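Hi,

Here is the structure I promised to pass on. Please open it first, then read my notes below.

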Amino acid sequence: QLQLVESGGGLVQPGGSLRLSCAASGFTLDYYAICWFRQAPGKEREGVSCINNDGGSTGNADSVKGRFTISRDNAKNTVYLQMNSLKPEDTAIYYCAAVPEGTSPPDRLGPAWIYDYWGQGTQVTVSS
């Protein structure tokens, strides 16, 4: 069974940090680009950070540039999202998604509909 599982979400104060993980099972991520999307209540799902299959190319939304860093460890079949200097507007459910390498460049940040595999999401809440 092909599966992506996110972890690492939680409640954090403004200015704090979290590291999200996206672990794959049932398939290898070596041939897939990965994006982190997020969806806040009442808003559309948006691409946050994306990375190509070997980690050599990334893309980040303007709203998170300089604060979020996407990385991957293919040996562990896992992709990470390091989130620093968190703001209340970062509050959302965060999803990781996979698409075969070459389908969409990381700096395009989606669109979401082309991604084949999705995790169940992890809640990130930034509040004092």
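Predicted model: local features only at pLDDT ≥ 70, side-chain atom pairs only at ≥ 80, totals over all residues.

Residues are numbered from 1 along each chain as its sequence is written, and side-chain values use heavy atoms, with hydrogens and water left out.

**The sheet**

A word on names: strands (E, at least two residues) and helices (H or I, at least four) are DSSP runs, numbered from the N terminus. Two strands count as paired if DSSP finds at least two bridges between them.

Strand E1 covers residues 3-7, and strand E3 covers residues 18-25. They pair in the antiparallel sense, over five bridges. E3 also pairs with E8: six bridges join them, and they too run antiparallel. Ala23 turns up again here, with Thr78 as its bridge partner in E8.

Put together, four strands form an open sheet in the order E1-E3-E8-E7, with antiparallel pairing. E1 and E7 are the edge strands, because each pairs on one side only. From one strand to the next, the twist averages 15°. Such angles run from 0 to 180 degrees between N-to-C directions, with axes as lines fitted to C-alpha atoms (for helices, over the stretch in contact).

As background, strands of a sheet pair through backbone hydrogen bonds, either parallel or antiparallel.

**The salt bridges**

How many salt bridges are there? The count comes to four. The rule is a side-chain nitrogen of Lys or Arg within 4 Å of a carboxyl oxygen of Asp or Glu.

For accessibility, buried means under 20% relative accessible area, exposed means over 50%, and partly exposed is in between (1.4 Å probe, protein chains only).

- Glu46 and Arg38 meet at 2.7 Å, N to O. Glu46 is partly exposed at 35%, whereas Arg38 is buried at 6%.
- Lys65 and Asp62 meet at 3.1 Å, N to O. Lys65 is exposed at 52%, and Asp62 is exposed at 66%.
- Arg67 and Asp90 meet at 2.7 Å, N to O. Arg67 lies in the loop between strand E6 (58-60) and strand E7 (68-73), and Asp90 in the loop between strand E8 (78-83) and strand E9 (92-100), so the pair ties together parts that are 23 residues apart in sequence. Both residues, Arg67 and Asp90, are buried.

Finally, look at Arg38, Glu46, Arg67 and Asp90 together: salt bridges link them in a network.

Best wishes
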